[in-house]
Amino acid sequence: MREIRQLNMHALLFILLSSYASLSLAQPDWVEGMPEDYPDERYLTASASASTMQRAKDRALANLSKVFEARVDEISTTRSNTAVNIVDGQESFTRHHKLNQQIRVSTDKILHGARIADTYKDDLFVYHALAVLDRSQAANNLKHEIERIDEHTATELQRSRSASDPLQVIASLDAAISKQNERYAFQKMLKVVDRSGVGQPSEWNLAEIKARLEDALANLRFSAAIDQDPIGKLDSMLLSAMGNAGFPALSNGGDYVLVASLSVQDLGLRQGWYWLRGKLDLKLIEKDGKVRGRKQWPLKVSALQQNDAESRLQTQISEKLDDELRDTIIEFATQ
C-alpha cells in the first residue's frame, strides 16, 4: 500500500511538473498583442524578435525609443535649411542640427528606467523580447528636462534685457528660442506619456520671443564693404541680400561693418565642361576693428560655355547670401 501511494505521488508530481512546463512554454500574449501584465494606462511597451536573444532585447528597447524619436523627427522638419560652416577645412553644422543632437541625447535620459520585462523563444527558435517603461517614471524624467530648459530660458531672457551689446541681446534671444524649441519637443513627448494629453505648457510665448529677436535684428546698424571681388558684382549682391534679410546697409557709419571677399579659381575645360571653383568669405567687424564673426562658403560650378559658368557662379553666390545671411548674423552674435 505504501509503495502504491509513493507511485501515485510520483505520478501526480510528474503531471504537475509537466503542466507547469507546458504553461511556461506557452506563447505570451505580448508576442502578437498587448501585454495584459503591463496595461497601456500605466506602461509604454514595445516588443521585437530576432535570431538571438540579445538582438531581440536590443531591438525591443530601440522600438521603445522610437515612441520619442518620432517627436524629435517632427521638430527636425520644422527647419530644413541646415547650413554647414566650413572653417580651415573643418565642417560644423549650424545650431538647428545641434538642437536635434541635444534632444536625442536628452531622450536617453528620459528612457532611463526602461527594462526588458519578459522574453520568449518559440518553436522555430525565434527569440522575442518585451521592453517596458513606467509612464509615471517617463513623465517625471520629461518634467525634469523641461524644468532644466525653463531655467536656462529664464536666464537667457534676463540677459537679453540687461545686455548693452546689441549682438549679446540677439545671442540671448536666439538661445532662449533654441531652448524653447527643445522644450517643445519634450512637451510633445510628455503629451504622449501623459494619458491626459496635456503635458506641461510653457509659461513663455515663443512667438513673442521671436518677435523680440526680429526687432533686435532690425535695430542693428550695418555698413557694407568689399575686400576682394574678381567678378565685379559682389557689392550689389551683398547690398541686396542685406536688404532682404531686414538690415539694409547704411551709406556710412553704423555699429558694424559686414565685409565680403571672393576668390575664384578657373579650373579650365575638363571633359567638355568649364569649371570654376571659389570661396566666399564674410566677416563682421566692430567699429574698433574687432572681428565678431567669420564664415566661409565653398563654391563650385560648371557649364558647357565659360560665360555660363561665370553666370552660374554669380547665381550661387547670390543664393548663398539671400538664403543664409540672416542666420549667419545670428551665428556671429552667438560666437
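How close do the axes of helix H4 and helix H5 come, and at what angle do they cross? This is a predicted model, with local features needing pLDDT of at least 70, side-chain atom pairs counting only at pLDDT 80 or more, and totals for chains, interfaces and linings using all residues. Residues are numbered from 1 along each chain as its sequence is written, and side-chain values use heavy atoms, leaving out hydrogens and water.

**View 1. Helix H4 (residues 135–162) against helix H5 (residues 166–193).** The two axes come within 9 Å and cross at roughly 165 degrees (axes are lines fitted to C-alpha atoms, for helices over the stretch in contact, and angles run from 0 to 180 degrees between N-to-C directions). H4 and H5 are therefore roughly antiparallel (over 145 degrees). Helices here are DSSP runs of H or I with at least four residues, and strands are E runs of at least two, numbered from the N terminus.

**View 2. The open sheet, ordered E1-E5-E4.** Its three strands pair in antiparallel fashion (pairing takes at least two DSSP bridges between two strands). Strand E1 (43–50) and strand E4 (115–121) sit at the edges with a single partner strand each, so one side of each has no neighbour in the sheet. Ignoring direction, neighbouring strands are turned by 20 degrees against each other on average.

**View 3. Zooming in on E4 and strand E5 (residues 127–134).** Six bridges join this antiparallel pair. Isoleucine 116 has alanine 131 in E5 as its bridge partner.

**View 4. H4 over the sheet strands E1 and E5.** H4 lies across both, running at about 60 degrees to E5.

Methods
Angles under 35 degrees count as roughly parallel, over 145 as roughly antiparallel, 65 to 115 as roughly perpendicular and the rest as oblique. Contact means heavy atoms within 4.5 Å.
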